[in-house]
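Subject: Structure handover

Hello,

Here is the structure I promised to pass on. Please open it first, then read my notes below.

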Amino acid sequence: MSRGLEGTGGPRVDHRPTGTMRAVPPSSSSQAGRRSLWNERYRSEPSRYGDEANQFVLEVIGPLAAGRALDVACGQGRNAVWLARRGHRVTAIDLSDVAIAHARRLAAARGVDVDFSVADFLAWDPPAEGYDLVLLSYLQLPPGDRVMVHRRAVAALAPGGLLLLIAHHRDNIDHGLGGPQNHTVLYDEEMLAEDFAGLEVERNERVLRQVDRDGLKGEAIDVLFVGLLRGGD
Ligand SMILES: C[S@@+](CC[C@H](N)C(=O)[O-])C[C@H]1O[C@@H](n2cnc3c(N)ncnc32)[C@H](O)[C@@H]1O
């Protein structure tokens, strides 16, 4: 997975006179800055996270029936392409056009169709019918963006739909391997319980991932959340 410094900037909050804090939408200029940061990362490392699906995506989604899936911030498409090969109808979006170009090539090479778009998820409206599966894999967002992205991810679920999130755990900096070295973009179980309070929780826990890549060997600490939107059949 990711290595080195991966931070996406500090939290952006509105300090109101009451002392409460509220997430504010990112400006288009700050999103443009993030796009060029991610583009630069993907240009300097053409297969940054590899082309094979994440192990927890395989574990959780492998046994499920195929449906309509949304891969939020799909990067270079490793999970989206795997989902399509499993028969899911996949929509996948990412801020980085460099990553999406790689993802399109990967889908073509593996003979699957994925509806890829270059888009900011914070300005992207899901179709009204929603998705049976929403995947968030290793987003690294400061608190304001994290809360808004998670709110939108829940809103993109169809009744009965499943949300799967896998991310670098807050403890990874001190006790794990690789990943962002900026606490503000790391997650833990408490944050996820709060962000996804509207979902029925199936899993919300620390999980370990074996890393053996580019001279790094050991365990990375991730957080895995799986939640269901009540409703449907
Ligand atoms: C660490 S990468 C993970 C990529 C992919 N999900 C994976 O697991 O391989 C994080 C991705 O989030 C994307 N991203 C960050 N903010 C975003 C936003 N607001 N809308 C869409 N994509 C975003 C970045 O462009 C980057 O590709």
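Start at the ligand. α1 (28-44), α3 (78-85) and β4 (89-94) each supply at least two residues of the shell around it. Helices (H or I, at least four residues) and strands (E, at least two) are DSSP runs, numbered from the N terminus. The shell counts 22 residues, and the closest are Trp38, Ala73, Gly75, Phe121 and Ser137. A residue is near a molecule or strand if its C-beta atom, placed from the backbone, lies within 6 Å of it. By class, the shell has eleven nonpolar, seven polar and four charged residues. Ala, Val, Leu, Ile, Met, Phe, Trp, Tyr, Cys and Pro count as nonpolar, Asp, Glu, Lys and Arg as charged, and the others, Gly among them, as polar.

Two notes before you go on. This is a predicted model: local features need pLDDT of at least 70, side-chain atom pairs count only at pLDDT 80 or more, and totals for chains, interfaces and linings use all residues. Residues are numbered from 1 along each chain as its sequence is written.

The whole chain

The protein chain has seven helices and nine strands. Of its 233 residues, 39% are buried. Buried means that 20 or more other C-beta atoms lie within 10 Å of the residue's own; exposed means 12 or fewer, and partly exposed is in between, with C-beta atoms placed from the backbone. Look also at the contacts with a separation of 6 or more: residues 24 or more positions apart account for 70% of them. Two residues are in contact if their C-beta atoms, placed from the backbone, lie within 7 Å.

Helices

How do α1 and α4 pack? Helix α4 covers residues 97-109. The angle with α1 is about 45 degrees, and the axes are 7 Å apart. Axes are lines fitted to C-alpha atoms, for helices over the stretch in contact, and angles run from 0 to 180 degrees between N-to-C directions. The two helices are therefore oblique to each other. Angles under 35 degrees count as roughly parallel, over 145 as roughly antiparallel, 65 to 115 as roughly perpendicular and the rest as oblique. On the α1 side, the contact uses Trp38, Asn39, Tyr42 and Arg43. On the α4 side, it uses Asp97, Val98, Ala99 and His102. By class, this contact has four nonpolar, two polar and two charged residues.

Now α3. Seven of its eight residues are buried, so this helix is mostly covered. They are Arg78, Asn79, Ala80, Val81, Trp82, Leu83 and Ala84. These residues pack against α2 (55-61), β3, β4, α4 and β6. Just after α3, glycine 87 takes a positive phi of about 100 degrees.

Strands

Is β6 (residues 131-137) enclosed or open? Seven of its seven residues are buried, so the strand is largely enclosed by the rest of the structure. Four bridges join β3 to β6, and the two run parallel. Two strands pair if DSSP finds at least two bridges between them. Leucine 70 has valine 134 in β6 as its bridge partner. Six bridges join β6 to strand β7 (residues 157-168), again parallel. There, tyrosine 131 stands opposite leucine 157.

Strands β8 (residues 200-213) and β9 (residues 216-228) run antiparallel, joined by 13 bridges. Arginine 203 has valine 226 in β9 as its bridge partner. β8 and β9 form a hairpin with two residues between them. In the turn, aspartate 214 has a positive phi of about 50 degrees.

Single residues

Aspartate 71 sits in strand β3 (residues 68-72). It is buried, with 30 other C-beta atoms within 10 Å. Beyond its neighbours within four places in sequence, aspartate 71 is in contact with Asn79, Ala80, Leu83, Val90, Ala92 and Leu135. Its C-alpha atom is 9.8 Å from that of alanine 153, which is 82 residues away along the chain.

Alanine 73 is in the loop between β3 and α3. Its phi is positive, about 60 degrees, although it is not a glycine. Alanine 73 is buried, with 23 other C-beta atoms within 10 Å.

Tyrosine 138 is in the loop between β6 and α5 (143-155). Tyrosine 138 also has a positive phi of about 60 degrees, and it is not a glycine. Is tyrosine 138 buried or partly exposed? It counts as partly exposed, with 19 C-beta neighbours inside 10 Å.

Best wishes
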